[in-house]
Amino acid sequence: MATLREQIATNMLTVTKFRELLRRMRDNRPNDDLELVRKAYEFSQKHHSGQQRASGEPYLVHPLEVALVLSEMKMDSVAVAAGLLHDSVEDTSVTIVDIRKEFGEQVAHLVEGVTKISKIDFSSQEEQQAENLRKMMLAMVDDIRVVLIKLADRLHNMRTLEHLPPARQQKIARETLDIYGPIAHRLGMGKIRGELEDLGFRYLDEIAYQQVHDAVEARRKKGEQFLSSVERVLREKLDEASITAKVESRIKRLYSIHKKLLKQRISVDQVYDLYAMRVITKSVQDCYAVLGIVHNLWRPVPGRIKDFIAMPRPNLYQSLHTSVITEEGVSFEIQIRTEEMHRMAEEGIAAHWKYKDGPVSAREEQDLAWLRQVVEWQRDVTDPSEFLSTLKVDLYPEEVYTFTPKGKVVVLPREATPIDFAYTIHTEVGHSCVGAKVNGRMVPLRHKLHSGDIVEIITQPGHKPSRDWLAVVRSSRARNKIKHWLNIHQRERAIEIGKKLIEKEARKYRIALKDIKDADMQRIASDYGLGQPDDLLAAIGYGKYSARQILGKLAPASEPESTMPLEEESGIGSVVRRVFGGDHSNAIRVKGHGDLLVYRARCCNPIRGEAVVGYVTRGKGVAVHSANCPNVTNLMYEPERRIEVEWGKDEGAPTAFPVKLTVFCDDRFGMLKQITAVISDTNTNIRSIGSRSENGQAHVDIVIEIADLKHLESIIQGVRKIPGVHDVQRLQKL
């Protein structure tokens, strides 16, 4: 009988709460779909049936309380329905697929987001780790309502925390102060933040909480009498000035007092804003008028006047703050703001949940610029029932927050890969990385990581980094570590090659390498501006200097064994100063060196007159690129392989460089003849020509022989002047 009586009482409790929820929803959002909320309540009631909380209450009370908090925030029916369902996936046999089928994509998306956040282990003593977790939680969601539902969930859990064991109380309280309180603050939700912090403080440090509580209670009666008298004086002056305003008084929250006592090392009596008045006016003009009245009544404390109206806080909080002292020496704070500012200070983003219809993509930076935009849009809304069904935000657009398998947060740049993750863990982990698992699934090393991913790096002893990794990594740490490794090991290889080339060349002079003194090698290295003999050998291995050139300086009196001409015998001389695409050997040369193989890179096909840079390749000589070639940035990460090059003197007949042009023009009779005539008039040879047309437009491809950049610019300008020609573009590749 008692069980039946309890069941009836339980049903009455939940029904009463649900009726209260519907009443609030009708008051706050009269045009919302309450049938969706009713359906979510019945679904939650069915699947949580028989479950109890630690307090002994039926489990259904919790989702109902969460929904009530959301209704206080004036949230829409989709968010309230998701609040009623937020624990169903985690605590019952219901799946996200079931939610999606019953309630649609939006509700399922919110429930899935809340479930994902619930799985994060937020326990950490490190402040930096806590900040990363806060960022990660916000970065994981693309709908701010997920965070608001989670805050409502945490608030009710904190209100009923006394029913849990002490160890659980401590863990949840720490999480609340480290994660959820600061997030509520970041979203400008002062009311929820204050309650979360006081509840967390109560369970986390019971002794300190009791001390502050007792100190405040000892002063409460006297403080309330003081505030009452001050309020009466202020109201009289406001009436005299014909300013309509609401005046409130309060004693500072316990956790705020505790933080101030610790930070400033003061006693409760020295807290300036222990007692506070709040004046809520109709306009900004009235705010400043009230400030003047307050300063005429009481003496302001120097340095304690803050204008957050002219300069809002990063979370959009606006108010005038001033601390004043009465003639009796009692100090108190006065906050002055408009009704709109007060709503924003108390509820934050939830105060602005009625927006215009249509998609929004608002990018948030450190000053919550996206929220500022939303406030601007909200001011233009004429119909109060208009709102965005989904507000998608990216609170930390430049970072992703990932986990190690042990739960440590690893912060990486957006689009980072497992290679970036590996190098963030440790340099050797990066070097020996051969694979990765993300959320338990094998992925390629170029896979892009997302916030919330759990990443496990697979290593293999002896494995070495690849140059290809530089194309996929995003973090500067990974890039620098890979470059450093490549430079060291390629230098070792270059020294080895340099020794072999010197030995090979020395045999032609009938000299053994061991006979060459270190002092002589040091002297030659110094002549080339290098620090030590190994630098000289590396430069030979890289191809910057020829072994023949160095031996000539080391043994100038010796003659090579062969009777062939010096240039032919060297093995390099036969192609010295060779230039691909040119008939003359002196088109480009390496500054300070006369016998290095030089060729124009085919990716950019530089011509005389362009700014050029040289890159030492293995076995091919020096590749010469145009300075604005897109490949130059990728190639030049090894400073040892960069070499200065210059255009040689054009002696005799000018060097002819093949250049490909594409002419975009009208497809009309005689166009091709005009183009070729303009080119021929400059005595330019046309190697090939072809055209294609589509929809009355033609593309003409021409390969011509150019002497220099000035010659090319002259031809392009001439062709552009032809009637019907829209553009002329130079193609880098032939």
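Reader: In which sense do β5 and β6 pair, and over how many bridges?

Author: Strand β5 (residues 320-325) and β6 pair in the antiparallel sense over 6 bridges. Strands of a sheet pair through backbone hydrogen bonds, either parallel or antiparallel. Here, two strands pair if DSSP finds at least two bridges between them; strands are DSSP runs of E with at least two residues, helices runs of H or I with at least four, both numbered from the N terminus. This is a predicted model, where local features need pLDDT of at least 70, side-chain atom pairs count only at pLDDT 80 or more, and totals for chains, interfaces and linings use all residues. Residues are numbered from 1 along each chain as its sequence is written, and side-chain values use heavy atoms, leaving out hydrogens and water.

Reader: Which residue of β6 is the bridge partner of T322?

Author: I334 is the partner of T322. In the hairpin of β5 and β6, 5 residues lie between the strands, and G329 takes a positive phi near 90 degrees.

Reader: What does β2 do with β6?

Author: Strand β2 (residues 275-281) pairs with β6 in the parallel sense, over 6 bridges. There, I280 has R337 as its bridge partner.

Reader: Is β6 mostly covered or uncovered?

Author: Mostly covered: 8 of the 8 residues in β6 (331-338) are buried, meaning under 20% relative accessible area with a 1.4 Å probe, protein chains only. S331, E333, Q335 and R337 point one way, while F332, I334, I336 and T338 point the other way.

Reader: What is the strand order in the open sheet of 4 strands?

Author: The order is β21-β22-β20-β23, with antiparallel pairing. β21 (686-694) and β23 (725-731) stand at the edges with a single partner strand each, so one side of each is left without a neighbour in the sheet.

Note on methods. Buried < 20%, exposed > 50% of the residue type's maximum accessible area, 1.4 Å probe, protein only.
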